[in-house]
Structure formats: structure tokens, C-alpha cells
Amino acid sequence: MHATSEVSSDSVEIGVHDRVFVLTGAGISAESGLKTFRDSNGLWAGHRVETVATPEGWDANPELVWRFYSQRRRETEASLPNPAHRALAELEEKIDGRLFLCTQNVDDLHERSGSRNMVHMHGELFKSRCEADCGASIIEDRNSYNSLTEIPRCVCGARLRPHIVWFGEVPLEMPRIQQEIDRCSILLVVGTSGVVHPAASFVQWASMRATPARAYYIGPEAPLNAKAFTRILMGNSGEKLPGLFNVL
Ligand code: BV8
Ligand code: ZN
């Protein structure tokens with residue numbers, strides 16, 4: 001009696017010609033100890049999202065915004081990648097070049113796990129840029145700024161702001177993201193509530209094509225856009241992702 005390759009119901013088969021597009025959200029970093037937006041139910045460190053993650057909030061109180069992002073820099077530095085981040089980096093390695101990762105997260109846990117072919121569509125916590133768009137390059141910045149006198153300045157004299165896409169601002173790398181969605185055959189969405197657009201529409205874009213992609217969602221609760229997925233695999237990503245992929 002030869003062993004049949006027992007494929008559990010919760011496994012995602014990846015064929016030799018499959019291209020995988022992965023979208024991750026705050027949920028993939030939850031098991032690393034970083035709060036999700038929903039856990040803070042819209043209140044981040046006691047602040048309303050609108051106050052600390054919008055251009056209006058920045059204009060009204062840049063010191064508060066820098067204090068908020070400085071605190072998240074410290075929290076992220078103290079956190080470690082979890083098995084979900086590592087599983088995606090290993091899959092990228094295994095199907096070399098056929099995996100593209102788009103994260104909504106501003107933490108660097110994917111990079112620290114070895115992911116390479118990726119974009120941060122909502123910016124990066126450890127980068128700052130000139131608020132006057134003077135042409136100076138975006139800088140790597142791990143500093144904390146906790147008072148008005150500390151707000152960093154660009155060479156042109158304008159203030160440096162977090163390199164983060166706030167609500168009402170245009171996400172980064174959209175043309176490349178669109179291109180990768182158009183050519184993927186598998187869309188994997190991990191740990192995002194499906195509330196914020198345009199990220200929440202990616203599954204529609206991938207399944208409304210002439211040749212729809214297979215779309216899987218992994219998380220402990222169904223996202224808002226659940227019905228657009230081929231399959232919902234319920235559970236924490238740190239437990240579900242390792243061993244999930246059946247690479248042919
Ligand atoms: C734009 C950086 C135009 C900040 C972020 C009305 C209708 C539709 C849209 C709009 C509207 N009014 C305004 C808009 C546009 C707006 C929007 O969508 N608003 C929402 C609130 C309605 N969007 C924008 O402004 C965007 N820009 O639209 O520009 C445009 C459009 C297309 C093309 C060109 C131009 C810009 C939005 C970016 C805002 N910045 N982040 C920072 O981090 O400081 S958004 C931020 O919240 C995240 O990055 C993420 O994108 C979003 C939601 O967070 P999630 O990642 O989903 O996390 P959440 O807490 O919500 O959910 C966690 C999930 O994890 C849960 O499902 C949970 O079950 C799961 N989970 C928990 N534990 C685990 C787990 N999963 C796995 N394992 C676990 N262990
Ligand atoms: Zn400048």
C-alpha cells in the first residue's frame with residue numbers, strides 16, 4: 001500500500017507555473033506582539049486614527065504625530081518576526097522569483113525574515129522624508145522625536161515627516177502592484193480586515209479577470225470582503241502558514 005500524498009483540506013497547492021501575489025496586513029504581525037488597528041479599535045496609544053494618521057493631524061500637531069511614530073519605532077524594534085513571516089520568506093525562496101509580497105504594514109518584520117521581492121504600499125516606519133517634497137532623498141531614520149524642538153529638518157529647512165501613507169494620501173507603488181495582480185494565478189491575503197481601500201479591492205481585481213486567480217484568505221475571523229475569496233482558512237497566521245503550501 002503506497003502512501004498517497006495526503007493533502008489536508010488546509011493546504012494550498014502551488015504548481016510550477018503559478019505566480020503568487022501575497023497581501024499582508026497588521027494581523028500577520030499580531031503574533032509578534034504588535035497591535036492591530038482593530039485591537040486598538042481605532043484608538044492608537046489613546047489617539048484617534050484621524051489625529052495621528054492623516055495629513056490634517058500632522059498639520060495640526062506634528063509633535064504628537066512624531067511622538068506616536070517614535071513609540072511605534074521602539075515597539076517594532078523590540079518585536080521579532082514570527083513563523084508566518086518566515087513561512088512567506090521560505091516560500092519566496094522555494095518558488096524563486098514567482099512570489100510578490102505587498103504589505104500594508106509599515107514594520108520591517110518581513111525584511112527581517114528574508115522577504116526580498118516586496119513593497120510597502122503604506123510606507124515604512126524606519127524612513128522619513130521632506131514634507132516639502134524638495135527632491136531630497138527619503139532617509140533611513142530610526143530616531144525618536146518626542147518634542148517640538150526635536151522635529152527633524154530637511155536640508156532645505158522644511159520639516160521631515162514619517163515616510164508613511166496616511167488616510168487620504170495615495171498608496172505607493174500602485175502601478176507595480178496592479179501589474180503583479182494582473183499576472184498572478186494565486187492571491188494570498190493574510191491578516192487584514194478588508195476595510196481600507198484600495199488594498200481591500202485587490203481580491204476583486206484578481207478574481208474579476210478573464211482568468212481569475214485562486215484567492216485564499218488566512219486569519220482568525222472572516223474579513224469584510226470574505227465572499228470574494230475562493231477559500232477562507234481560519235486561524236492565526238503564525239500557526240496556519242507554516243506547512244500550508246504544497247509546492248509541486
Ligand atoms: C486612497 C499606514 C486614493 C498608517 C494605513 C470610503 C469608502 C472607501 C474608501 C474610502 C472611503 N473614505 C475614504 C476612503 C479611502 C481610505 C479608506 O479606505 N478609508 C477606510 C477607513 C474606509 N483609503 C485611503 O485613504 C488610502 N488612499 O484611497 O487614495 C487612491 C486609491 C487608489 C489608487 C490611488 C489613490 C490610503 C490608506 C492608507 C492609510 N494608512 N497605514 C500607519 O500604519 O500608521 S492603513 C492601515 O489600516 C493599515 O496599513 C491597513 O491598510 C489598514 C487596516 O489595517 P489591517 O492591516 O487590515 O489591520 P486591522 O487591524 O484592520 O485588521 C487586522 C486583521 O488581522 C483582522 O482581520 C484580524 O482578524 C486579523 N488578525 C488578528 N490576529 C491575527 C490576524 N490574522 C492572522 N493572524 C493573527 N494572529
Ligand atoms: Zn526638503
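Domain bounds here come from an automatic or database domain assignment. On that basis, domain 1 (1-34 + 81-122 + 171-248) and domain 2 (38-78 + 125-164) both give residues to the shell around ligand 1, so ligand 1 lies between them. The model is predicted.

**Ligand 1: the shell**

- The shell around ligand 1 holds 34 residues.
- Arg72, Gln104, Thr192, Ser193 and Glu221 are the closest of them.
- By residue class, the shell splits into 16 nonpolar, 13 polar and 5 charged.
- Helix H3 (62-77) contributes at least two residues to this shell, and strand S11 (214-219) also contributes at least two.

- The side chain of Gln104 places an N or O atom 2.6 Å from an oxygen atom of ligand 1.
- For Glu221, a side-chain N or O atom likewise sits 2.6 Å from a ligand 1 oxygen.
- His122 has a polar side-chain atom 2.9 Å from an oxygen atom of ligand 1.
- Ligand 1 taken alone exposes 1500 Å², and the protein buries 75% of that area.

- For four tetrahedral donors, the ideal angle at a metal is 109.5 degrees.

**Backbone features**

- A cis peptide bond joins His197 to Pro198, with omega near 0°.
- Pro198 belongs to the loop between strand S10 (186-190) and helix H7 (202-207).
- Asp133 has a positive phi, near 50°, although Asp133 is not a glycine.
- The loop between strand S7 (123-130) and strand S8 (139-140) contains Asp133.

Conventions. Residues numbered from 1 in each chain as written. Chains lettered and ligands numbered in written order. Predicted model: local features only at pLDDT ≥ 70, side-chain atom pairs only at ≥ 80, totals over all residues. Heavy atoms only, no water. Near = heavy atom within 4 Å. Polar contact = N/O pair within 3.5 Å; in protein donor to acceptor, adjacent residues only side chain to side chain. Areas by Shrake-Rupley, 256 points an atom, 1.4 Å probe, with all protein chains shown as cover. Helix = DSSP H or I, 4+ residues; strand = E, 2+ residues; numbered from the N terminus. Nonpolar A, V, L, I, M, F, W, Y, C, P; charged D, E, K, R; others polar.
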